[in-house]
Amino acid sequence: MDKKNSHWSELIADEAAEKASPPFIIASGITTSGPLHPGTLCEFLFADAIAKELKKKGETHFIFNADILDAFDSIPEPFKKYEKELAPHLGKPLCFTPDPMGCHRSFGEHFLAEAADAMHKFGAHPEIMPAHELYAKGAYDEYAREYSERKDEVKEIVRVSSLRETMPDDWHPIMPICEECGKVATTRVLSYSNGTYEYACDREVEYTRGCGCKGKAKITDHKYKLLFRLDWPARQDFLNVQMEGGSVDHHTKGGTIATVYAIHRQFFKKNGPVVFYKFGFLKYRGKKYSKSKGIGHTVGELMQLLPLPVLEYALLRPDLQEDKELVLDEKTLLTLVSDFEYAASIDAEKELERADRKKAVAYSLTQGKGWNAPLQDILVTYALHKDWNEVGKKLGDPEGVACLAPYVEQWFARKWIPDKYVFELKGAPHEHANLVKEFASSLNEGMGEQDIQNSVYELAKKSNVPPPELFKAIYLALISKPQGPKLARFIKILGVKKVKELIA
Ligand SMILES: [Zn+2]
Ligand SMILES: [Zn+2]
């Protein structure tokens with residue numbers, strides 16, 4: 001296979017298989033600190049797509065890390081109503097912040113459950129590893145100890161790899177969780193010796209401040225977390241992660257990934273992941289999706305407006321490193337769904353043009369089209385019958401039509417369906433009554449779409465009328481509008497008999 005014709009998921013899987021051997025371990029992860037964000041979908045969909053390709057080459061494990069030992073640092077907009085209950089917990093790890101809804105053990109787990117639910121809906125089934133469980137079972141202890149024993153060395157690696165001139169005097173790899181107040185954002189290590197550290201809870205951050213107490217703990221008490229830039233390589237090391245992804249901001253000069261590799265190579269004296277792939281941002285009309293600024297669709301909206309496989313396709317088709325515009329409106333919707341239908345129709349086994357092959361692979365990574373009748377036919381038939389059961393029956397695809405119907409109704413409600421699909425069957429006056437009648441009487445049941453199309457052109461030519469004028473007259477005679485759905489297909493759906501009745 002020519003590399004140019006490969007989908008990015010194949011290229012990454014190929015590269016991984018060249019440099020590593022099975023079992024392949026691919027990881028991805030997020031901090032679940034609020035309602036699911038479309039960017040989160042990318043975090044697991046991209047890794048899942050690569051995992052699917054890797055599975056063709058050997059045993060593959062997909063791990064999803066949930067960084068919920070991170071500090072709870074802001075109350076998400078929809079939870080402002082719980083501000084009174086939540087505010088005292090700012091600064092604590094998300095996994096030790098209560099769930100105000102009461103349905104999960106913690107705030108972090110509430111949103112992790114939401115993310116896990118979305119993964120399952122999208123057919124991704126990674127092994128989910130919450131950070132606090134990894135810490136609790138001591139997976140990080142050896143690293144915390146080594147980082148602390150060789151603190152000056154690791155501090156210098158972080159300084160150089162993150163392009164900083166200087167580092168704070170009280171910099172330490174360990175972030176203690178305060179015994180008194182439970183916060184992790186406000187503590188600092190005062191001293192360390194042989195697996196035991198003393199700390200003070202006296203730092204002030206934007207959203208909270210420490211309780212002022214001092215304490216002492218052992219690494220083996222598991223009441224700490226590591227700085228993010230040190231946690232990441234440690235986790236990759238003990239989980240043997242060979243592939244992981246990061247958005248472009250992690251890949252900048254001096255960015256997190258620079259430190260991750262520096263730690264692997266200079267501190268652990270190992271190579272680190274064989275592939276650290278980079279992916280672009282999700283954009284909405286040129287701006288980065290942002291929950292806090294209210295830019296972009298919400299996940300709920302996307303899932304309500306697009307059948308899941310179409311959403312998967314929209315995210316998996318473009319180049320991985322490119323920023324992806326994900327805007328649903330009257331201009332983009334039908335184009336996207338038609339492109340998806342087209343991708344579904346491509347025979348991936350054949351010799352294909354580059355663009356088509358990428359579309360076919362992107363489609364193969366989705367859960368597949370859930371309907372058989374073409375959307376255009378569904379729209380026309382719905383305009384004619386205004387009854388989904390009837391549409392399903394007429395098109396011989398009752399299940400497919402039922403699966404698409406709720407989305408199509410949303411599209412109609414938002415006026416995203418072009419006008420040509422909104423009509424009634426009744427004629428209006430027009431200039432070419434005789435010609436249109438001649439056209440109608442020339443139709444017979446045996447004609448194919450091409451025959452019908454040709455007959456309009458032939459009749460126009462014979463009568464010295466520009467073809468667009470004749471098309472317009474026929475539409476007016478059928479639906480009182482100067483244009484409509486593609487005529488030949490429309491006539492086939494309507495039935496020749498019905499057309500003759502209408503144009504009698
Ligand atoms: Zn809950
Ligand atoms: Zn405290």
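**Overall architecture, cores and sheets of the predicted chain**

The model is predicted: local features require pLDDT of at least 70, side-chain atom pairs count only at pLDDT 80 or more, and totals for chains, interfaces and linings use all residues. Residues are numbered from 1 along each chain as its sequence is written, while chains are lettered from A and ligands numbered from 1 in the order in which they are written.

The secondary structure comprises 21 helices and 15 strands (DSSP runs numbered from the N terminus: H or I of at least four residues for helices, E of at least two for strands). The radius of gyration is 30 Å, well over the 23 Å that the globule rule gives for 504 residues, so the chain is more spread out than a compact globule. This radius is taken over C-alpha atoms, and the rule is 2.2 Å times the number of residues to the power 0.38. Along the principal axes, the C-alpha atoms fill a box of roughly 100 × 55 × 40 Å. Among contacts between residues at least 6 apart in sequence, 67% join residues at least 24 apart (contact: C-beta atoms, placed from the backbone, within 7 Å).

The largest nonpolar core has 112 residues (a core is a set of buried Ala, Val, Leu, Ile, Met, Phe, Trp, Tyr and Cys residues joined through C-beta atoms within 7 Å). Ile26, Leu45 and Ile50 have the most contacts inside it. Helix H2 (residues 38–55) supplies the largest share of this core, ten residues. A second, separate core has twelve residues, including Phe439, Ile474, Ala477 and Leu478. In soluble globular proteins, nonpolar side chains tend to be buried together.

Leucine 45 contacts Phe122, Ala124, Glu312, Leu315 and Leu316, leaving aside neighbours within four places in sequence. Glutamate 312 lies in helix H11 (residues 308–316). Glutamate 312 counts as buried because it has 25 C-beta neighbours inside 10 Å. Residues up to four places away aside, glutamate 312 touches Leu45, Phe122, Thr366 and Gln367. The C-alpha atoms of glutamate 312 and cysteine 42 are 9.1 Å apart, although 270 residues separate the two along the chain.

Helices H17 (residues 433–442) and H19 (residues 467–479) pack at about 80°, with axes 10 Å apart (axes are lines fitted to C-alpha atoms, for helices over the stretch in contact; angles run from 0 to 180 degrees between N-to-C directions). The two helices, H17 and H19, are therefore roughly perpendicular (65 to 115 degrees; under 35 is roughly parallel, over 145 roughly antiparallel and the rest oblique). Leu435, Val436 and Phe439 of H17 meet Leu470, Ala473, Ile474 and Ala477 of H19.

Three strands form an open antiparallel sheet in the order S5-S6-S9 (pairing requires at least two DSSP bridges between strands). Strands S5 (187–193) and S9 (214–218) stand at the edges with a single partner each, so one side of each has no neighbour in the sheet. The twist averages 25° from one strand to the next. Five bridges join S6 (residues 196–201) to S9. Alanine 200 has lysine 214 in S9 as its bridge partner.

Another open sheet of three strands has the order S14-S13-S15 and mixed pairing. Its edge strands, S14 (287–288) and S15 (324–325), each pair on one side only. Two bridges join S13 (residues 282–284) to S14 in an antiparallel arrangement. Lysine 283 stands opposite lysine 288 in S14.

Definitions and conventions:
A residue is buried if 20 or more other C-beta atoms lie within 10 Å of its own, exposed if 12 or fewer, and partly exposed in between; C-beta atoms are placed from the backbone. Two residues are in contact if their C-beta atoms, placed from the backbone, lie within 7 Å.
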